[in-house]
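The tour below goes stop by stop, with a selection at each one.

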Amino acid sequence: MSRAELLADDPIWLILLKVLCIFLFALLTAMITVWAERRLIGRMQNRPGPNRVGPFGLLQPIADAIKMPFKEEIVPRTADKVTYRLAPVLALSPTMIGLAVMPFGPEVSIFGERTVLQLVDLPVGVLVVLAAASIGVYGVVLAGWSSGTPYPLLGGLRSAAQVISYEIAMGLAIVAVILQTHSLSLGDIVDSQQGLWFGIALFPAFFIYLVAMVGETNRAPFDLPEAESELVAGFHTEYSSMKFVIFYIAEYINMIVVSAMGTTLFLGGYMAPWPISLIGDNYFNSGWWPMLWFIGKIGLALFFFIWLRGTLPRYRYDQFMKLGWKFLVPISLVFIVALTVINVFDQLSTTGILISAGFFILLLIALVMMIPDRREPRAGRVPLSGGGYPVPPIDLQIPSKPRRTKQARSRAGRRQTVAAGAKEGDDGVS
Amino acid sequence: MSNSAMLLAQAGAEVAKVSTGEAISFWILAPLALGGALGMIFARNAVHSAMFLVLTMLSLGVMYMVQQAPFLGFVQIIVYTGAIMMLFLFVLMLVGRDSSDSVVEVLRGQRVWAAILGIGLAGLLVTGVAEALTSVRPVGLAEQNAGGANVANIGRSVFTDYLFPFELTSALLITAALGAMVLGYTDKSKRRTQRETADARFRGEHDRPSPLPGPGVYATANSVAVPALLPDGSIAPESVSAIIEATASRELATDIETVAGAIPGPDAHALKPAAAKEGDK
């Protein structure tokens, strides 16, 4: 039976069980990620991180979860009340949808029922994740707008522009994968990575996805919507207590979703990594084992997020937009064209190859022509000395002393008299 | 739109059996879509209007999915709610939350023409739907979707039978994008240098030669909304950013007055001891 048929066969209790498991997985992983992030960032910055509650501070997330709802909730007087309350819900709920289409593992048996470790395998699974992400932005944007104060508004605007821009780059990276699999279903995409992972085969697309996924989740170094040095806390400045927690969790679940998506698209999904896949006739690729690999790969991706945050300084906003639109999008477009050419290369006749090669060369020439000439940085400026200021000239030629004019001489004379204490400073305006 | 969908669904029940799941989702989504459409028209606030439209579009997207067109449904959500409405919201937020439409007619006879054209459009829609109900038999997409080939079949029709309209649409969009770029482009190479700007300021081409005064942050309070004080003790209105002023000026008028000293109270700006101040008065 195919994956879709197996899933269509699921009884209702099994579907509910899967929903519950996905929900718990998202929340628990988010909590563990919060703890791991604080510990790891602490280690990277030579400090212990949380270490008071439980061994290694492991119970810190639970302590926070108890503390946060009991904090005072402050609603600004200028807030748009309904939208202000709606925004956290809109931020959190779509993030869970993305996990519903992720394939966690192959065919297994749960209480005697054959099924696949996946809630639903839609023929357009990839689009579900993108759609959920695009709905999730509304939470951030509305939070910024409804707070009724300038900093959240600026954060919300930044976030809207950022997510739309980086979703384009992300979508184009995904197109490269879809070109190879001929299917939008995530189950099929994993199945077609039996041999080589797309992360290696389509490395440029993988690289673009990695950058875009950080931009999409508003994480450092692209955390401009909540840049504390510029916007206090960005879109959630005015949120406190439980509503703030919801934004916090939504950010982490979002990270988990894009990590799971990256794993599925580029890192072979739930397939065992290469040396392990050789053991015992691919024994570790059957039953419940693949779920371990899947979660392990998600963990690696999450570590990558944390590592980036601990390593890189925040981008400036215009540089960030330039990176997205002028670097990532063109590169992925060129890569898609190149990939298509490689795919149909065998079917082309010699004439076809020659024509496309000629076209390619023409395109290259046109591109080279479009590179602007470098402007002379100091055009029209009179050099002060032989070499560049403040470096002394190589030939050590001493600049000639300027000739003293009559005016300068009289000024110098006056300075001397002032120093002597004479009272004639009143007409000294020159 | 929703009305027509409702009629279609009822007609569909007569021609081909509608499954229970489809009926349930229809009766949940149709009121939502209709409510969103009405809310969009009647909402006072432009952002609320946009949000109601988003609700309608989402409901329509889910309806497409239920009607065996998952690709169309998700594209509807990604493109319309995710990109287009987001850009709308972006502009609305930039324009400002307090701006509302004026009810004054800008064009003469606008309302009459709007009513006439609206009735005309309604007539066209009703005729179209009636035609569809009487003489069109729904076939369903089961045959097209067989074996998960929904996306592939859409791709095939777009790039074979409907290639010309497709290319025409993309040409239109590119033209629009280029037009926007031409209109919005400013030549940065002709930007004035700092020196030239300073000269222009002193020649009187700007409102004032000096930059605006900084706010009174840290003088008596730590909020940027606190205005700076001039040497004579009066407040400098230009010292508070226009954005901050516009955002909360109405709601926070009392607070501003308190800070500015218009309301009697303990004078935080007084540098002399209290007794000396009494003597001054």
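Helices here are DSSP runs of H or I with at least four residues, numbered from the N terminus. With that in hand, select helix H11 of chain A, residues 241–266, and go to A:Ser241, which belongs to this helix. The model is a predicted one. A:Ser241 has a phi near 55°, a positive value in a residue that is not glycine. Most residues other than glycine have a negative phi. Is A:Ser241 buried or exposed? Its relative accessibility is 6%, so A:Ser241 counts as buried.

**Chain A as a whole**

The chain has 430 residues, and 45% of them count as buried. Take the contacts in chain A with a separation of 6 or more: 78% of them come from residues 24 or more positions apart.

Select A:His182, in the loop that links helix H6 (150–181) and helix H7 (186–191) of chain A. Its phi is near 60°, again positive in a residue other than glycine. A:His182 counts as exposed because its relative accessibility is 70%.

**Inside helix H6**

Stay with helix H6 of chain A and select A:Gln162, which is found there. The relative accessibility of A:Gln162 is 0%, so this residue counts as buried. Which residues does A:Gln162 touch, leaving out those up to four places away in sequence? Show A:Gly215, A:Asn218, A:Phe222, A:Leu224, A:Pro225, A:Tyr317, A:Phe320 and A:Met321.

Next select A:Asp223, in the loop between helix H9 (203–216) and helix H10 (228–231) of chain A. A:Asp223 is buried, because its relative accessible area is 12% and the cut-off for buried is under 20%. Apart from neighbours within four places in sequence, A:Asp223 is in contact with A:Asn218 and A:Arg314. A:Asn218 is also among the residues that A:Gln162 touches. For a distance check, draw a line from the C-alpha of A:Asp223 to that of A:Arg158: the two residues are 65 apart along the chain, and the atoms are separated by 9.8 Å.

**The hairpin**

Select residues 105–110 and 113–117 of chain A, which are strands E1 and E2; they run antiparallel and are joined by 5 bridges. One pairing to display is A:Gly105 with its bridge partner in E2(A), A:Leu117. How many residues lie between E1(A) and E2(A) in this hairpin? There are 2, and A:Phe111 in the turn has a positive phi of about 50°.

Then pick A:Ile110, which lies in strand E1 of chain A. At 11% relative accessibility, A:Ile110 counts as buried. Not counting residues up to four places away in sequence, A:Ile110 touches A:Trp13, A:Leu14, A:Leu17, A:Thr115, A:Leu117 and A:Trp288. Of these, A:Leu14 is 96 residues from A:Ile110 in sequence, with 8.2 Å from C-alpha to C-alpha.

**A helix crossing**

Two packed helices are described by the angle between their axes and the distance between the axes. Select helix H2 (residues 12–44) and helix H3 (residues 60–67) of chain A: they pack at an angle of about 115°, and their axes are 9 Å apart. The crossing of H2(A) and H3(A) is right-handed. From H2(A), show A:Met31, A:Trp35 and A:Arg38; from H3(A), show A:Gln60, A:Pro61, A:Ile62 and A:Asp64, which they meet. By class, the residues of this contact are 4 nonpolar, 1 polar and 2 charged.

**Chain B**

Switch to chain B, which has 12 helices and 2 strands. Read from the N terminus, its elements follow the order α-α-α-α-α-α-α-α-α-β-β-α-α-α. Of its 281 residues, 18% count as buried. Among contacts in chain B between residues at least 6 apart in sequence, 42% join residues at least 24 apart.

Finally, colour chain B by pLDDT, which averages 77, with 75% of the residues scoring at least 70. Where in chain B is confidence lowest, and where is it highest? The lowest mean, 47, is in helix H12 (residues 274–280), and the highest, 90, is in helix H8 (residues 163–184). Residues 1–5 of chain B stay under 50, and the model has 6 contacts for them beyond four places in sequence. Residues 7–15 of chain B are also below 50, with 11 contacts in the model beyond near neighbours in sequence.

Definitions and conventions: Residues numbered from 1 in each chain as written. Chains lettered and ligands numbered in written order. Predicted model: local features only at pLDDT ≥ 70, side-chain atom pairs only at ≥ 80, totals over all residues. Heavy atoms only, no water. Pairing = 2+ DSSP bridges. Axes fitted to C-alpha atoms, helices over the stretch in contact; angles between N-to-C directions. Left-handed = near helix turned anticlockwise from the far one by under 90°. Contact = heavy atoms within 4.5 Å. Nonpolar A, V, L, I, M, F, W, Y, C, P; charged D, E, K, R; others polar. pLDDT = per-residue confidence, 0-100. Buried < 20%, exposed > 50% of the residue type's maximum accessible area, 1.4 Å probe, protein only.
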